[in-house]
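Here is a short report for a reader new to this structure. Look over the sequence and the 3D view, then read on.

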Amino acid sequence: MEEEGIVKKFCYMNRKAPYGTIYALESLEVVLIAAAFDQDISLVFADDGVYQLTKNQDTDGIGMKNFSKTYSALGDYDIKKIYVEKESLEERGLTTDDLQALKYEDEDDDWAEKDSLFVVGRDELSKIINEQDVVLSF
Amino acid sequence: MPLEVNGQSYETDEEGYLADLNQWQPDLAEAMATADGAELSENHWEVINFLREYYEEYQIAPAVRVLTKAIGKKLGKDKGNSKYLYELFPYGPAKQACKYAGLPKPTGCV
């Protein structure tokens, strides 16, 4: 498990609403699989993608699995960098209160809960994306 | 190939995973284990019940690495290691225990 390998910076861009297309669910599944390879992973939610992280989703009416609960498991998969674009939230009349509080437990700090969701402005986000080795868009 | 338990027939996929997780009940886990030539102890049930709770909360079956870490946190370090879990579930803790728990095959499990 502790072998030294090449670690690249992978960024998963999520720009689409959670339901109606398969992009959001596919992205989440790819992220969960990729997490096994010990790479440096960031997730970005922008445009309608910010809706993927909203609280209290109810999919009963559309007969799809409510996979929004799975985002809270990302911390268990050591995914600690989840960026939400500030402007996208504002344009949709959303605030951080509308989003799930995503956290991870720091094993090296007596399992203290720490935030893994960060709201960042467009400029900062573009810097973050520029630093990546691989950007995958969904 | 449907699974016959207590006179009831349950649909499974080609690898023996239960098609509808809402149909699950403890007797199904026992029957699957018997078919694999195994007997479920209390230690097996701890893991199976843990997986069911994890699925209920997060809607996914955890990858084996995640399972190991989470079991270690919940049940102690002597149980949160691959050796212990592989002894209980020699076909792979995530894969085999998830099957007995009536959950889909874990995402990313090949």
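## Contacts along chain A

Take the contacts in chain A between residues at least 6 apart in sequence. Of these, 77% join residues at least 24 apart. The model is predicted.

## Elements of chain A

Chain A holds 3 helices and 7 strands. Read from the N terminus, their order is β-α-β-β-α-β-β-β-α-β.

Chain A has 138 residues and a radius of gyration of 15 Å. A compact globule with 138 residues would have a value near 14 Å, so the two agree. Along the principal axes, the C-alpha atoms of chain A fill a box of roughly 45 × 30 × 30 Å.

How much of chain A is buried? Buried residues account for 33% of its 138 residues.

## A helix pair in chain B

Now turn to chain B. Helix α2 of chain B spans residues 42–58, and helix α5 of chain B spans residues 93–100. The two pack with their axes 9 Å apart, at an angle of about 80°. Angles of 65 to 115 degrees count as roughly perpendicular, so α2(B) is roughly perpendicular to α5(B).

Which residues make the contact between α2(B) and α5(B)? From α2(B) come V47(B), I48(B) and L51(B). From α5(B) come P93(B), A97(B), C98(B) and Y100(B). By class, the contact of α2(B) with α5(B) has 7 nonpolar residues. It has no polar and no charged residues.

Terms used. Residues numbered from 1 in each chain as written. Chains lettered and ligands numbered in written order. Predicted model: local features only at pLDDT ≥ 70, side-chain atom pairs only at ≥ 80, totals over all residues. Helix = DSSP H or I, 4+ residues; strand = E, 2+ residues; numbered from the N terminus. Rg over C-alpha atoms; globule rule 2.2 N^0.38 Å. Buried ≥ 20, exposed ≤ 12 C-beta atoms within 10 Å, placed from the backbone. Contact = placed C-beta atoms within 7 Å. Axes fitted to C-alpha atoms, helices over the stretch in contact; angles between N-to-C directions. Parallel < 35°, antiparallel > 145°, perpendicular 65-115°, else oblique. Nonpolar A, V, L, I, M, F, W, Y, C, P; charged D, E, K, R; others polar.
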